[in-house]
Number of protein chains: 2
Amino acid sequence: MPQNDDRVLSDFDAATAVRRGEGGALVADLHPGWEVGGGILNGGYLLSVAGRAAVLESPHAHPVAMSASYLRAGAAGPAGLAVTPGPAGRTLAHSTVVLSDSKGPVVTVQATTATLGDGEVEYSTPMPQVPAPEQCLDMAANAHLAAVPMHLPGLTAHVQSRLDPATATWAMGQPSEEPVLRAWVRLADGRPADPLALLTFADVLPPTSFATGRMGWAPTVQLQVLVRALPAPGWCLVEARATEIADGWSDEDYRVWDSTGRLVAQSRQLARTARR
Amino acid sequence: MPQNDDRVLSDFDAATAVRRGEGGALVADLHPGWEVGGGILNGGYLLSVAGRAAVLESPHAHPVAMSASYLRAGAAGPAGLAVTPGPAGRTLAHSTVVLSDSKGPVVTVQATTATLGDGEVEYSTPMPQVPAPEQCLDMAANAHLAAVPMHLPGLTAHVQSRLDPATATWAMGQPSEEPVLRAWVRLADGRPADPLALLTFADVLPPTSFATGRMGWAPTVQLQVLVRALPAPGWCLVEARATEIADGWSDEDYRVWDSTGRLVAQSRQLARTARR
């Protein structure tokens, strides 16, 4: 499949494509649609681009741990990816990836790559009980019915979600006590999820403070994503929850399961929240 | 307090001291006692040293997010710390810290610093119910009574712990189903905890697989620590748990509370486990 022909690449692969430019440096073209409002690109999307660069320069096939510092808001357009390889062995390899736009570095990522297998699960925490996707809420299709003003960011056209009604009462004007959101997600064009797509899924929901009725932007400061397994085809279940919101800071934990109930990714981010 | 006079520094401050060497480069002297077995230095200890370097070169007072890639096992002796500043603003600053020994880089850290205040806690998850430290198990004092062979790493002489009996049955020969460990911890010489010490506490317990009877080394691949508040004096409660152990990989989540029940730190690491 040619790398630079958008007609044969999936939407996600086109948006996260990395190629060698002049002099052998890696370059990307950040797509404007993967934004969370005001043209600001989703942090998980940027991490997927960085992950693709890390894998390109690694003897291993998959990103397994990616830790990103978000230095400046990312905007669409040409971007450079500088990959500095670290120690590499039979099981895993380390590298640093810096994604930059014309004004300078946007994200710095510590990347660990490995090749995920299907080895035995020795211990696992079960997936929560959630209604099937068909019984969950399609916010993008029904935003006009919401009790609160809903701005749908561009990202929702590229990643579809179906929100668990138990964590959607805020959209009906009844905020919850708990900052928890759960949704089935999948790529809008049907491309099956893979480890690079999981890096986006691990930051794809609105801020969990939405569930408590606080609907402001919560910029990510640092984000760590762990990819635990290759996902089966179909919807993934994403659950995001905050452990503590204090003094203008919030953490958010994500767990992502595939359609078989296997844990395929986890993430934790530190974000800034608007003071009340 | 003079930086390089061990007679007036606390044990932790001496072990994590960072000073300017020749040419202005930052140097440290990694102390052998902060090891987890076989002379291998604890990952949290290395992160405390890197955190001190990050704060030295920052306009802000505290490490709030530290994401480390562990490139090689760290051994005692002279170390260099290269801090590359990133964007800095009124609220926070980013930097990269590389800790190296004579053979090359040991740990690469994405550091975010800020100045923690005592702002309002808007939402929090309560601390678990645990017996007082006096009712918990001092493994270091009682290793000879354990039902399983106990090697006490050097670290236990510098950080004291009192294990919650509910998560210590494995030491009596009765492994649990759940990979969870809980313990009160404090610095052995009584120095109060602070954000730099919390970086050590967030990796200070044995691997959680010990609780299920599997007592092998689980080297850390990547570790992210979030410091959420300045701790009150006294014991801190540390709870570590694994979410999924599969295919030679384990995650471990730590939550650290101070003696008032305030969440002061969180961490998540990806580690390699010995296959069964």
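Copies here are superposed by least squares on the C-alpha atoms of residues with pLDDT of at least 70 in both. On that basis, chain B can be laid on chain A with an RMSD of 0.0 Å, by a turn of 180° and a shift of 0.0 Å along the axis. The two copies are thus related as by a two-fold rotation axis. Please keep in mind that this is a predicted model, in which local features need pLDDT of at least 70, side-chain atom pairs count only at pLDDT 80 or more, and totals for chains, interfaces and linings use all residues. Residues are numbered from 1 along each chain as its sequence is written, chains are lettered from A and ligands numbered from 1 in the order in which they are written, and side-chain values use heavy atoms, with hydrogens and water left out.

**Symmetry and interface**

- S67(B) is the residue of chain B that comes closest to the rotation axis, its C-alpha lying at 3.2 Å.
- The same surface serves both copies, as 100% of the contact residues of chain B recur in chain A; contact means heavy atoms within 4.5 Å.
- Chain B brings 55 residues to the contact, and chain A brings 55 residues.
- About 4,800 Å² is buried between chain B and chain A, and carbon and sulfur atoms give 50% of this area. Buried area is the accessible area (1.4 Å probe) that two parts lose on being put together, summed over both.
- On the chain B side, the residues that lose the most area to chain A are E122(B), Y123(B) and R268(B), together 16% of what that side buries.

**Cysteines**

- Counting a disulfide as a pair of cysteine sulfur atoms within 2.5 Å, there are zero disulfides over all chains.
- C236(A) is in no disulfide, and its nearest cysteine sulfur, that of C136(A), is 14 Å away.
- C236(A) has 0% relative accessibility and counts as buried, that is, under 20% relative accessible area with a 1.4 Å probe and protein chains only.
- In the other chain, C136(B) is in no disulfide, with the nearest cysteine sulfur, that of C236(B), 14 Å away.
- C136(B) is buried too, at a relative accessible area of 8%.

**Cavities**

- There are four cavities of 30 Å³ or more, a cavity being a set of points on a 1 Å grid over the protein atoms alone where a 1.4 Å probe fits but cannot get out.
- The largest cavity has a volume of about 50 Å³, a volume being the space filled by probe spheres set on the points.
- Lining the largest cavity are S209(B), R214(B), G216(B), W217(B), A218(B), T273(B) and A274(B), where lining residues have an atom within 4 Å of a point.
- This lining divides into three nonpolar, three polar and one charged residue, with Gly counted among the polar ones.

Key. Buried means under 20% relative accessible area, exposed over 50%, partly exposed in between (1.4 Å probe, protein chains only). On a 1 Å grid over the protein atoms alone, a cavity is a set of points where a 1.4 Å probe fits but cannot get out, and a pocket is an open set with protein on both sides within 12 Å along at least five of seven lines; lining residues have an atom within 4 Å of a point.
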